[in-house]
Amino acid sequence: MNVRMPAEERRELILHAATRAFAAGGYAGTSTDAVAREAGVSQPYVVRMFGTKLELFLAVYGLACNRIEAAFRGVLDERPFDPSSEDDKERMGLAYTALLADTDFLHVLMHGFTASSVPEIGVRARDGMSRIFAILLETGWSPEQVRDFIAHGMLLNVLVAIGAPGSSLGPLGELVASCFPEEMRLPDAPAGRAG
């Protein structure tokens with residue numbers, strides 16, 4: 001690692017490496033040593049910068065939630081949102097679908113959900129979901145409409161996580177086609193990244 005690299009750049013380098021490592025191994029299956037190897041730094045350096053593995057995972061998971069919030073906020077800030085408009089609903093859906101092309105982001109998000117029995121991760125996951133729900137309520141949608149939008153997004157998460165967008169045959173192909181209209185199609189993502 002370049003010792004002259006500013007601290008913020010080193011922090012970003014480790015966060016990107018940690019995202020890749022946690023995406024591949026999940027919270028339980030990833031060590032700070034694995035993150036250090038991915039980043040090309042020493043394990044003590046990772047610990048010195050972030051503290052524990054838990055603190056590092058929380059930072060990575062927080063970034064994933066922040067990306068979703070920023071995508072939805074971008075739609076709302078772009079122009080007025082009409083809650084009865086299918087075009088505006090599609091704009092919001094496209095903003096989320098664009099995030100799913102980053103499978104590391106997606107897998108970190110999914111690992112955060114499944115590791116929520118760790119109290120600190122559970123708190124962060126609930127806080128992230130709460131903030132996302134609050135932003136979506138700003139659309140003017142009812143709580144039930146926001147719930148349905150989030151539920152559809154969770155189905156997309158699962159389909160992408162299992163590599164289903166590459167499937168075009170049988171019932172799974174039909175499900176994918178119904179969930180990903182042509183304008184929302186993702187490039188085929190390899191399955192098996194999640195640990």
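This is a predicted model: local features need pLDDT of at least 70, side-chain atom pairs count only at pLDDT 80 or more; totals for chains, interfaces and linings use all residues.
**Entry 1: Asp-88**

Residues are numbered from 1 along each chain as its sequence is written, and side-chain values use heavy atoms, with hydrogens and water left out.

I placed Asp-88 in helix H5, residues 86–100 (helices are DSSP runs of H or I with at least four residues, strands are runs of E with at least two, and both are numbered from the N terminus). I found a polar atom of the Asp-88 side chain 2.7 Å from the backbone nitrogen of Asp-82. The side chain of Asp-88 also makes a polar contact with that of Arg-91, at 3.0 Å (a pair of N or O atoms within 3.5 Å; within protein, one must be able to donate a hydrogen and the other to accept it, and residues adjacent in sequence count only if both atoms are side-chain atoms). Setting aside neighbours within four places in sequence, I list Arg-79, Pro-80, Phe-81 and Asp-82 as being in contact with Asp-88 (heavy atoms within 4.5 Å).

**Entry 2: Leu-136**

I then turned to Leu-136 in helix H7, residues 119–137. Leu-136 counts as buried because its relative accessibility is 0%. Not counting residues up to four places away in sequence, Leu-136 touches Phe-72, Met-92, Trp-141, Val-146, Phe-149 and Ile-150. I also noted Pro-83, which is 53 residues from Leu-136 in sequence and 10 Å away in space, C-alpha to C-alpha.

**Entry 3: H7 and H8**

I examined how H7 meets helix H8, residues 143–161: the axes come within 10 Å and cross at roughly 125° (axes are lines fitted to C-alpha atoms, for helices over the stretch in contact, and angles run from 0 to 180 degrees between N-to-C directions). H7 is therefore oblique to H8 (under 35 degrees is roughly parallel, over 145 roughly antiparallel, 65 to 115 roughly perpendicular, and the rest oblique). On the H7 side, I recorded Met-129, Phe-133, Leu-136 and Leu-137; H8 contributes Pro-143, Val-146, Arg-147, Phe-149 and Ile-150.

Methods:
Buried means under 20% relative accessible area, exposed over 50%, partly exposed in between (1.4 Å probe, protein chains only).
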